[in-house]
Amino acid sequence: MSAPETAGAGPVLPDRHVYGERGAPVTVVEYGDLECPYCRAAAPVLRTLVETSDGQVRLVWRHFPLFEVHPYALTAALAAEAAATHGQFWAMHDRLFAHQDRLTDADLRGHARALGLDPDEVAGDGAQRYAPAVEADYLSGLALDVRATPTLLVGHQHLHGLVDLETLRSAVRAVLDGDGQSGAGEGRGAAPTEPVPVQLGTRPATTGDACGTMDG
(Lines give C-alpha, C1' and ligand atoms only; values in the text may rest on other atoms or scores of the structure.)
Protein backbone atom coordinates (compact mmCIF):
# COMPACT_ATOMS: atom_id res chain seq x y z
CA MET A 1 0.00 0.00 0.00
CA SER A 2 2.96 2.28 0.46
CA ALA A 3 4.40 4.21 -2.44
CA PRO A 4 8.08 4.19 -3.40
CA GLU A 5 10.31 6.48 -1.40
CA THR A 6 13.01 8.86 -2.52
CA ALA A 7 15.86 9.68 -0.18
CA GLY A 8 19.61 9.91 -0.06
CA ALA A 9 20.00 11.72 -3.37
CA GLY A 10 18.94 15.12 -4.67
CA PRO A 11 16.76 17.55 -2.71
CA VAL A 12 15.08 16.22 0.42
CA LEU A 13 11.35 15.83 -0.15
CA PRO A 14 9.37 16.61 3.03
CA ASP A 15 6.65 14.14 2.05
CA ARG A 16 8.92 11.34 0.84
CA HIS A 17 7.72 8.62 3.23
CA VAL A 18 4.07 8.04 2.36
CA TYR A 19 1.78 5.25 3.50
CA GLY A 20 -1.40 5.16 1.47
CA GLU A 21 -2.37 6.79 -1.80
CA ARG A 22 -0.12 9.69 -2.69
CA GLY A 23 -3.09 11.55 -4.17
CA ALA A 24 -5.30 11.14 -1.09
CA PRO A 25 -7.16 14.38 -0.26
CA VAL A 26 -6.20 14.32 3.43
CA THR A 27 -2.66 14.06 4.74
CA VAL A 28 -1.79 13.09 8.29
CA VAL A 29 1.77 14.12 9.05
CA GLU A 30 3.46 12.27 11.88
CA TYR A 31 6.56 13.65 13.54
CA GLY A 32 7.96 10.53 15.15
CA ASP A 33 10.90 8.95 16.91
CA LEU A 34 11.71 5.31 16.19
CA GLU A 35 12.76 4.73 19.80
CA CYS A 36 9.61 6.32 21.24
CA PRO A 37 7.22 3.74 22.74
CA TYR A 38 4.24 6.02 22.13
CA CYS A 39 5.07 6.22 18.41
CA ARG A 40 5.20 2.44 18.37
CA ALA A 41 1.77 2.28 20.03
CA ALA A 42 0.33 4.83 17.59
CA ALA A 43 1.55 3.00 14.49
CA PRO A 44 -1.25 0.39 14.20
CA VAL A 45 -3.90 3.05 14.86
CA LEU A 46 -2.54 5.21 12.07
CA ARG A 47 -2.31 2.23 9.72
CA THR A 48 -5.95 1.39 10.44
CA LEU A 49 -6.95 5.00 9.78
CA VAL A 50 -5.33 4.90 6.34
CA GLU A 51 -6.46 1.39 5.44
CA THR A 52 -10.12 2.04 6.31
CA SER A 53 -10.30 5.48 4.67
CA ASP A 54 -11.20 4.24 1.16
CA GLY A 55 -8.23 6.13 -0.26
CA GLN A 56 -9.12 9.41 1.46
CA VAL A 57 -6.16 9.54 3.87
CA ARG A 58 -2.42 9.17 3.52
CA LEU A 59 0.19 9.12 6.28
CA VAL A 60 3.46 10.99 5.95
CA TRP A 61 6.29 10.18 8.36
CA ARG A 62 8.87 12.81 9.30
CA HIS A 63 11.74 12.11 11.64
CA PHE A 64 11.89 13.92 14.97
CA PRO A 65 14.52 11.96 16.92
CA LEU A 66 14.65 13.02 20.56
CA PHE A 67 18.34 12.20 20.59
CA GLU A 68 19.06 13.53 24.08
CA VAL A 69 16.28 11.40 25.54
CA HIS A 70 16.57 8.34 23.32
CA PRO A 71 20.22 7.41 22.68
CA TYR A 72 19.51 5.32 19.57
CA ALA A 73 16.81 7.47 17.95
CA LEU A 74 19.12 9.28 15.56
CA THR A 75 20.97 6.23 14.28
CA ALA A 76 17.64 4.42 13.92
CA ALA A 77 16.37 7.30 11.78
CA LEU A 78 19.50 7.08 9.61
CA ALA A 79 18.94 3.35 9.19
CA ALA A 80 15.36 3.96 8.06
CA GLU A 81 16.55 6.55 5.54
CA ALA A 82 19.12 4.09 4.20
CA ALA A 83 16.39 1.46 3.81
CA ALA A 84 14.20 4.03 2.03
CA THR A 85 16.69 4.30 -0.83
CA HIS A 86 15.89 0.64 -1.54
CA GLY A 87 12.11 1.07 -1.22
CA GLN A 88 12.06 -0.44 2.27
CA PHE A 89 11.37 2.51 4.54
CA TRP A 90 8.16 1.06 5.96
CA ALA A 91 9.69 -2.39 6.32
CA MET A 92 12.53 -0.93 8.39
CA HIS A 93 10.13 1.39 10.26
CA ASP A 94 8.04 -1.61 11.31
CA ARG A 95 11.05 -3.75 12.17
CA LEU A 96 12.62 -1.09 14.39
CA PHE A 97 9.34 -0.55 16.23
CA ALA A 98 9.04 -4.30 16.73
CA HIS A 99 12.55 -4.43 18.18
CA GLN A 100 12.93 -1.17 20.10
CA ASP A 101 15.18 -2.96 22.57
CA ARG A 102 17.60 -3.77 19.74
CA LEU A 103 18.77 -0.50 18.21
CA THR A 104 22.54 -0.53 18.67
CA ASP A 105 24.72 -0.35 15.56
CA ALA A 106 25.23 -4.10 15.75
CA ASP A 107 21.46 -4.57 15.94
CA LEU A 108 20.88 -2.22 13.01
CA ARG A 109 23.31 -4.24 10.93
CA GLY A 110 21.32 -7.33 11.80
CA HIS A 111 18.07 -5.65 10.77
CA ALA A 112 19.71 -4.65 7.49
CA ARG A 113 20.72 -8.22 6.77
CA ALA A 114 17.21 -9.43 7.57
CA LEU A 115 15.84 -7.06 4.92
CA GLY A 116 18.53 -7.96 2.38
CA LEU A 117 20.32 -4.62 2.72
CA ASP A 118 24.00 -3.78 3.01
CA PRO A 119 24.77 -3.47 6.76
CA ASP A 120 27.56 -0.98 6.06
CA GLU A 121 25.05 1.37 4.42
CA VAL A 122 22.49 1.13 7.22
CA ALA A 123 24.75 1.57 10.26
CA GLY A 124 28.04 3.22 11.16
CA ASP A 125 29.86 5.73 8.97
CA GLY A 126 28.03 4.62 5.85
CA ALA A 127 24.70 5.81 7.25
CA GLN A 128 25.93 9.36 7.83
CA ARG A 129 25.19 10.30 4.23
CA TYR A 130 21.51 10.28 5.20
CA ALA A 131 21.91 12.82 8.00
CA PRO A 132 20.71 15.78 5.88
CA ALA A 133 17.34 14.10 5.31
CA VAL A 134 16.83 13.44 9.02
CA GLU A 135 17.99 16.95 9.88
CA ALA A 136 15.57 18.48 7.36
CA ASP A 137 12.65 16.69 8.97
CA TYR A 138 13.82 17.64 12.45
CA LEU A 139 14.24 21.32 11.57
CA SER A 140 10.81 21.38 9.98
CA GLY A 141 9.40 20.06 13.24
CA LEU A 142 11.15 22.78 15.23
CA ALA A 143 9.68 25.34 12.85
CA LEU A 144 6.22 23.97 13.71
CA ASP A 145 6.96 23.98 17.46
CA VAL A 146 6.95 20.19 17.67
CA ARG A 147 8.18 19.22 21.13
CA ALA A 148 6.90 15.70 21.65
CA THR A 149 6.45 12.47 19.76
CA PRO A 150 4.23 11.48 18.25
CA THR A 151 2.90 14.82 17.01
CA LEU A 152 0.24 14.52 14.31
CA LEU A 153 -0.78 17.28 11.92
CA VAL A 154 -4.27 16.91 10.46
CA GLY A 155 -5.42 20.05 8.73
CA HIS A 156 -5.18 22.88 11.24
CA GLN A 157 -5.10 20.48 14.17
CA HIS A 158 -1.96 19.40 15.99
CA LEU A 159 -2.57 16.22 17.97
CA HIS A 160 -0.05 15.01 20.52
CA GLY A 161 0.61 11.66 22.09
CA LEU A 162 -1.66 8.64 21.89
CA VAL A 163 -4.74 9.44 19.83
CA ASP A 164 -7.66 7.08 19.40
CA LEU A 165 -9.04 6.14 16.01
CA GLU A 166 -12.29 8.06 16.40
CA THR A 167 -10.46 11.29 17.26
CA LEU A 168 -8.36 10.90 14.13
CA ARG A 169 -11.41 10.15 12.00
CA SER A 170 -13.13 13.24 13.39
CA ALA A 171 -10.12 15.37 12.42
CA VAL A 172 -10.14 13.85 8.94
CA ARG A 173 -13.87 14.55 8.55
CA ALA A 174 -13.24 18.17 9.49
CA VAL A 175 -10.73 18.47 6.65
CA LEU A 176 -13.02 16.75 4.16
CA ASP A 177 -15.91 19.00 5.23
CA GLY A 178 -13.78 22.08 4.70
CA ASP A 179 -13.37 22.91 8.39
CA GLY A 180 -9.68 22.06 8.32
CA GLN A 181 -6.86 22.58 5.87
CA SER A 182 -6.96 19.99 3.08
CA GLY A 183 -3.76 18.06 2.52
CA ALA A 184 -2.14 18.90 5.84
CA GLY A 185 1.60 18.97 5.57
CA GLU A 186 1.68 19.76 1.85
CA GLY A 187 4.36 22.37 1.64
CA ARG A 188 4.21 22.93 5.39
CA GLY A 189 7.17 22.39 7.61
CA ALA A 190 9.79 22.50 4.89
CA ALA A 191 13.26 22.89 6.32
CA PRO A 192 14.40 26.51 6.67
CA THR A 193 16.84 27.63 4.00
CA GLU A 194 19.28 28.89 6.64
CA PRO A 195 20.84 26.52 9.19
CA VAL A 196 19.08 26.43 12.55
CA PRO A 197 20.90 25.25 15.70
CA VAL A 198 19.66 21.82 16.74
CA GLN A 199 18.89 21.99 20.45
CA LEU A 200 16.66 19.84 22.63
CA GLY A 201 16.22 19.75 26.35
CA THR A 202 16.75 16.50 28.20
CA ARG A 203 13.74 16.28 30.50
CA PRO A 204 10.80 14.17 29.34
CA ALA A 205 7.38 15.66 28.82
CA THR A 206 4.89 14.96 31.57
CA THR A 207 1.79 14.23 29.49
CA GLY A 208 2.12 10.49 30.11
CA ASP A 209 1.29 9.57 26.51
CA ALA A 210 4.14 11.12 24.55
CA CYS A 211 7.91 11.38 24.55
CA GLY A 212 9.19 14.93 24.54
CA THR A 213 11.21 17.70 26.08
CA MET A 214 10.75 20.69 28.32
CA ASP A 215 12.67 23.93 28.48
CA GLY A 216 14.72 24.80 31.49
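Colleague: Which residues of α3 do Ala76, Ala79, Ala80, Ala83 and Ala84 in α2 meet?
Modeller: This is a predicted model, where local features need pLDDT of at least 70, side-chain atom pairs count only at pLDDT 80 or more, and totals for chains, interfaces and linings use all residues. Residues are numbered from 1 along each chain as its sequence is written, and side-chain values use heavy atoms, with hydrogens and water left out. Taking contact as heavy atoms within 4.5 Å, those alanines of α2 meet Phe89, Met92 and Leu96.

Colleague: What is the class make-up of the contact of α2 with α3?
Modeller: Ala, Val, Leu, Ile, Met, Phe, Trp, Tyr, Cys and Pro count as nonpolar, Asp, Glu, Lys and Arg as charged, and the others, Gly among them, as polar. On that basis the α2 and α3 contact has no polar and no charged residues, and eight nonpolar.

Colleague: How is α2 oriented relative to α3?
Modeller: Helix α2 (residues 73–84) and α3 have axes that come within 7 Å and cross at roughly 150°. Axes are lines fitted to C-alpha atoms, for helices over the stretch in contact, with angles from 0 to 180 degrees between N-to-C directions. Angles under 35 degrees count as roughly parallel, over 145 as roughly antiparallel, 65 to 115 as roughly perpendicular and the rest as oblique, so α2 and α3 are roughly antiparallel.

Colleague: And how does α3 sit against α4?
Modeller: Helix α3 (residues 89–98) and helix α4 (residues 105–114) pack at about 135°, their axes 11 Å apart. That angle is why α3 is, relative to α4, oblique.

Colleague: Which residues of α4 make the contact with α3?
Modeller: On the α3 side, Met92, Arg95 and Leu96 take part. By class, the contact has five nonpolar, one polar and one charged residues. From α4 come Leu108, His111, Ala112 and Ala114.

Colleague: Which peptide bond is cis?
Modeller: Most peptide bonds are trans. Look at the loop between β4 (148–149) and β5 (151–154), where Pro150 lies. With omega about -5°, the cis bond joins Thr149 and Pro150.

Colleague: Which residue has a positive phi although it is not a glycine?
Modeller: Most residues other than glycine have a negative phi. The exception to look at is in the loop between α1 (37–51) and β3 (57–63). With phi at about 55°, the residue is Asp54.

Conventions
Helix = DSSP H or I, 4+ residues; strand = E, 2+ residues; numbered from the N terminus.
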